[in-house]
Amino acid sequence: MINNRSELLEIRKNQNEMRQLREIGGGKGNRIELLVGMATCGIAAGGKDIYDELETLIRDMDLNNVDLVKVGCIGSCYCEPTVQVNMPGHAPTYYGYVDRDAAGRILHEHVLQGKILKDKVVPMSFNRTDPAGARKRQFRIALRNCGNIDPEEITEYIAFDGYEALAKVLTEMTPLDVIHVLKESGLRGRGGGGFPTGLKWQATNQQKNPQKYMICNADEGDPGAYMDRSLLEGDPHSVLEGLIIGGYATGANQGIIYIRAEYPLAIARLNTALDQAREYGFLGKNILGSGFDFDIEIRLGAGAFVCGEETALIHSVEGKRGEPTKKPPYPSEEGYLHKPTTVNNVETLANVPEIINKGAEWFAAIGTRNSKGTKVFALVGKVKNVGLVEVPMGTTLREIIYEIGGGITDDKAFKAVQTGGPSGGVISAEYLDTPIEYESLRSLGTMMGSGGMIVMDEDNCMVDIAKFYLQFTMDESCGKCTPCRIGTKRLYELLDSITKGTASPNVLEQLDMLGNNIRNSALCGLGQTAPNPVLSTMKYFEEEYRMHVEEKTCPTGVCKGLFRYSVIPEKCVGCTACRRVCPVGCISGHPKQVHSIDLNLCISCGACFDVCKFNAIKKA
Amino acid sequence: MEKDLLLMEPVTLPQDKLSLLDAYIRSLDDQEGMLIHILHRAQHLFGYLPPDLQLYIARSIGIPASKVYGVVSFYSYFTQVKRGQHTVSVCMGTACFVKGAEQVKEALKKELKVGMDETTVDELFTLKEIRCIGACGLAPAVMVDDKVYGHMNEENIRTVTSSYKGV
């Protein structure tokens, strides 16, 4: 139990040796550390097996000076499992694609003989000891501790200035001081909307009601984004600290973390972190002797994308159907249980302690005029170095995809990048040099969203992508308002007819009109932004849409429904496989005789093409 | 599938599991507000949420059954039909989609001889789609129960599914 700020400082001092070693391979001790990436993706890639292997080997080899540390995701998802070796007097070495054999070699060659395994070293596209980050493009604020500390050990978080911001806030600042710093820093919500965090806190602070709530939105529903999961798995205390500071600033004594049930590991680590924070006195009554009380509980989601919308989220926290309601009243006036409530995203909260520690000016100096600080992106899809990246606002898409991401997989041609998930849109090659900020993305017809960045290459069909997103929003529409419930279904049907070649000639005008109607009339953010994937792909890839509609061809060959199938008589041996698999019975022919397809009945499902072992079905 | 619910045979709910559920419900202060947590616990205990169980929960916490059903049917995580021993979930996040989740799904349907949301004849597997599981670095990904398998393709799915057979 820590009672005051000097006791916190004491714990940090005791960890100094470890911090030195972890950061720059400094310190004079003889301890050697192996950091194994054990977030969900690390474990799925075999990180647990590597950890067990190393543990056994270390025991068998009597390496008493080697410590194994379980860390969260370092962001280099493409090369997992990863192991980082920290030896005093040497800069940290990162190994990727580590298998059992490499694990043994790390101990025998690197740890015992000081020989670096050149074939397994992976470059890091960021540098923790070079705060300017200028040479490395990436700059980590929210992800500062991810992959660097054991998320299940609160002392490691404290070693890296953890809970220092909370101590500072509680001993030196009034709630209004905190809000002032946040406003000056220019921090905006990282969950999608981009609303200034300081203003949000101020709105709740001004409410007279003595009972207020602080909610952390960890319902990361955007398919293709996982920064919140990584943060909660890799550095849960930074989110807790941000939430407690938010409670102090807004006048709330109860915090709630609303998290998706699909993230079991993040939930487990959050629970561990909460227990430790209580044990150390960062949660509970009279925190650090300041007289401020605050506690946090976890509420589970159950799989509904709309619950990312704050009013829907609040209903779900109350145990109800997660349907949104009209704003105003805003949650800051009337939220959870009709009390003033602040809802902040995970990444937003993780930024807060650093802003308090380093100051508003420091934060405001990073980024662009209207978008301050950094943003974490999940760089995924057809890009070589798939992973989490954190870059200053204003970095261009080209820098992210080509310099950090290493370019397109198999060196194919870049086609588009999708940001903002189902609420966003695509950006084509001609806009690759656009600096990323809230406003610039919006003017391109997409949005920042929570930070999914899905790279697509020449093999991806844009109509198909739009259809994918509309299927998503159609399924996830809560059904409360008509424009979204019926509108998204009709949009989907129109897109489906395009991919099947049955669309009417004026389908593009229909899509445009319906899309704009939904945008203007839906109740909540999910509905209003649902047409974005369609409208933006139509805007940048109109030619591709026209080819589907007018010439009934899909240039990428993705839309199976546009193909016409026929039997190549010279190759057909009459095995009857295609006849048996055809769902509509449009293939005729006797065994050992050439078969034929009745095009009037054929639904272009492609089943015959897939099943034929003699390549006797022609697809055109 | 939903429309058949009323026609479903009443099920006998095992008493030992009901006692565990009762104990959990009693431990909560705000039972109505914790409905989603109660349903999570119930699904964990019973494997699914048949109508009788929903009614039981409604009566335990003193709210209309329609309200419980409204919540159960709203969230995709809850299921009202019995599942197989293992749930095979194909991630349909965007990253997986652009890297061929559709083909993985088709291959699994063929391999397990079931459609989506269906259970194999031996009741070993239920095949379903899942929203992004956040393992985009491993796309396309498949999750069997809580275990994530990355870089799936038409060839290696068989290795995964067969590792659950005869266990």
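A residue is termed buried if 20 or more other C-beta atoms lie within 10 Å of its own, exposed if 12 or fewer do, and partly exposed in between, with C-beta atoms placed from the backbone. Beyond its neighbours within four places in sequence, A:Val417 has contacts with A:Leu397, A:Ile401, A:Val426, A:Ile427, A:Met453, A:Ile454, A:Val455 and A:Met456, a contact being a pair of residues whose C-beta atoms, placed from the backbone, lie within 7 Å.

Because the model is predicted, local features need pLDDT of at least 70 and side-chain atom pairs count only at pLDDT 80 or more, whereas totals for chains, interfaces and linings use all residues. Residues are numbered from 1 along each chain as its sequence is written, and chains are lettered from A and ligands numbered from 1 in the order in which they are written.

Chain A is divided into domain 1 (31-120), domain 2 (154-363), domain 3 (374-457), domain 4 (462-551) and domain 5 (563-619), with bounds from an automatic or database domain assignment. The C-alpha centres of domain 1 and domain 2 of chain A are separated by 34 Å. Between these two domains of chain A, 5 residues of domain 1 are in contact with 6 residues of domain 2. On the domain 1 side, the touching residues comprise 3 nonpolar, 2 polar and no charged; Ala, Val, Leu, Ile, Met, Phe, Trp, Tyr, Cys and Pro count as nonpolar, Asp, Glu, Lys and Arg as charged, and the others, Gly among them, as polar.

One open sheet of chain A contains 4 strands in the order 2-1-3-4, with mixed pairing. Its edges are formed by strand 2 (66-71) and strand 4 (93-95) of chain A; each has a single partner strand, so one side of each is left without a neighbour in the sheet. Neighbouring strands of this sheet are turned by 20° against each other on average, direction ignored. Angles run from 0 to 180 degrees between N-to-C directions, and axes are lines fitted to C-alpha atoms, for helices over the stretch in contact. Strand 1 (residues 32-37) and strand 2 of chain A are paired in the parallel sense over 6 bridges, where pairing requires that DSSP finds at least two bridges between two strands. Within strand 2 of chain A, A:Lys70 stands opposite A:Val36.

Another open sheet of 4 strands in chain A has the order 7-6-5-8 and parallel pairing. Strand 7 (295-300) and strand 8 (341-345) of chain A lie at its edges, each with a single partner strand, so one side of each is left without a neighbour in the sheet. Strand 6 (residues 254-259) of chain A runs parallel to strand 7 of chain A and is joined to it by 6 bridges; A:Arg299 in strand 7 is the bridge partner of A:Tyr258. Helix 11 (residues 236-250) of chain A lies across strand 5 (213-218), strand 6, strand 7 and strand 8 of chain A, at about 150° to strand 5 of chain A.

Chain B comprises 7 helices and 5 strands. Buried residues make up 35% of its 167 residues. Chain B is divided into domain 1 (10-74) and domain 2 (86-162), whose C-alpha centres lie 29 Å apart. In helix 4 of chain B, the buried residues are B:Val68, B:Val71, B:Val72 and B:Phe74, and these pack against helix 2 and helix 3 (51-61) of chain B.

At the interface, 33 residues of chain B are in contact with 39 residues of chain A. On the chain B side, two or more residues each are given by helix 2 (35-46), helix 4 (65-74), helix 5 (94-98) and strand 5 (147-149) of chain B. The residues of this side divide into 20 nonpolar, 10 polar and 3 charged.
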